Amino acid sequence: MREKLLKLYEYLYAEYGAQNWWPAETPFEVSIGAILVQSTAWENVVKAINNLKAADILTPERLGEIPQTELETLIRPSGYYRVKAKKIRAFLEHLRAHHQNRLALLFARETSALRKELLSLYGIGEETADSILLYAAEKPIFVVDAYTHRLFTRLGWVNGKYHYDRLQSIFMNSLPPDVQFFNEYHALIVRHGKETCRKMPRCEGCVLRQHCPYPLNLGINPS
DNA sequence: GGCCAGGACACCA
DNA sequence: TGGTGTCATGGC
């Protein structure tokens, strides 16, 4: 599996180059963005983030002080704005109550304990937790998503239902735990998914509703 | 006007 | 454990 994963990475990197993720200025911005991007096009998240920046409240303290309705209004462009406002407030409340509003204190925890802590919060599931771990806390955790499942399904490397942990294990058990490598690999899979999806009928087992043009000629044999 | 985007959760069998 | 409904704006 290791060789196939490395070959896939080489293909994607040669095709798209460095993606320079996560597109944010601070770990806190990454964390908020990770919640806002749930089932949403990134372009809409940018609008919401820009609203928060324009209001000059993109800090744990300030964001935690504004009323929920005001937060809802500011993040509205990212969609699902009511539930996302609750999720952000749950995250902020935890940060305030347990870590003095300081991400550095939260991120100082041991990785698996930190992951469990994030997963215990309302609105933070596996992908969001791992995105925060990798892109904000810079822990060597591989982020998996629907694009990953679709790509692996088309390559014949997995079949059936989308199980986050199973898919993640394929990477974690085969590749060295390198933050920059994991960063680039996931970003490339997302980039590839965005670039290549809207032309052919969707495939069996695909968790996304959109269309995609697989199979690719990756030259990688199915397992 | 229809489809869908870098999920998570509630509820049900 | 698995399947389904809900949340919602904005681009194409």
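**Close-up 1. Helix H6 at the surface near DNA strand C in the predicted model.** H6 gives the most to this surface, with three residues. Helix H6 spans 81–99. In all, 13 residues lie around DNA strand C. Pro-77, Gly-79, Tyr-80, Arg-82 and Val-83 come nearest. By type, the surface divides into five nonpolar, four polar and four charged residues.

**Close-up 2. The packing of helices H2 and H3.** H2 covers residues 27–36, and H3 covers residues 42–54. Their axes lie 10 Å apart and meet at an angle of about 130°. H2 is therefore oblique to H3. The crossing of H2 past H3 is right-handed. From H2, the contact draws on Glu-29, Gly-33 and Leu-36. From H3, Val-45, Ala-48 and Ile-49 take part. Four of the contact residues are nonpolar, one is polar and one is charged.

Close-up 3. Val-190 has 18 other C-beta atoms within 10 Å, so the residue counts as partly exposed. Buried would take 20 or more, and exposed 12 or fewer. Leaving aside neighbours within four places in sequence, Val-190 is in contact with Asp-145 and Tyr-147. Ala-146 lies 44 residues from Val-190 in sequence. In space, the two are 9.0 Å apart, C-alpha to C-alpha.

Conventions. Residues numbered from 1 in each chain as written. Chains lettered and ligands numbered in written order. Predicted model: local features only at pLDDT ≥ 70, side-chain atom pairs only at ≥ 80, totals over all residues. Axes fitted to C-alpha atoms, helices over the stretch in contact; angles between N-to-C directions. Helix = DSSP H or I, 4+ residues; strand = E, 2+ residues; numbered from the N terminus. Parallel < 35°, antiparallel > 145°, perpendicular 65-115°, else oblique. Left-handed = near helix turned anticlockwise from the far one by under 90°. Contact = placed C-beta atoms within 7 Å. Nonpolar A, V, L, I, M, F, W, Y, C, P; charged D, E, K, R; others polar. Near = placed C-beta within 6 Å.
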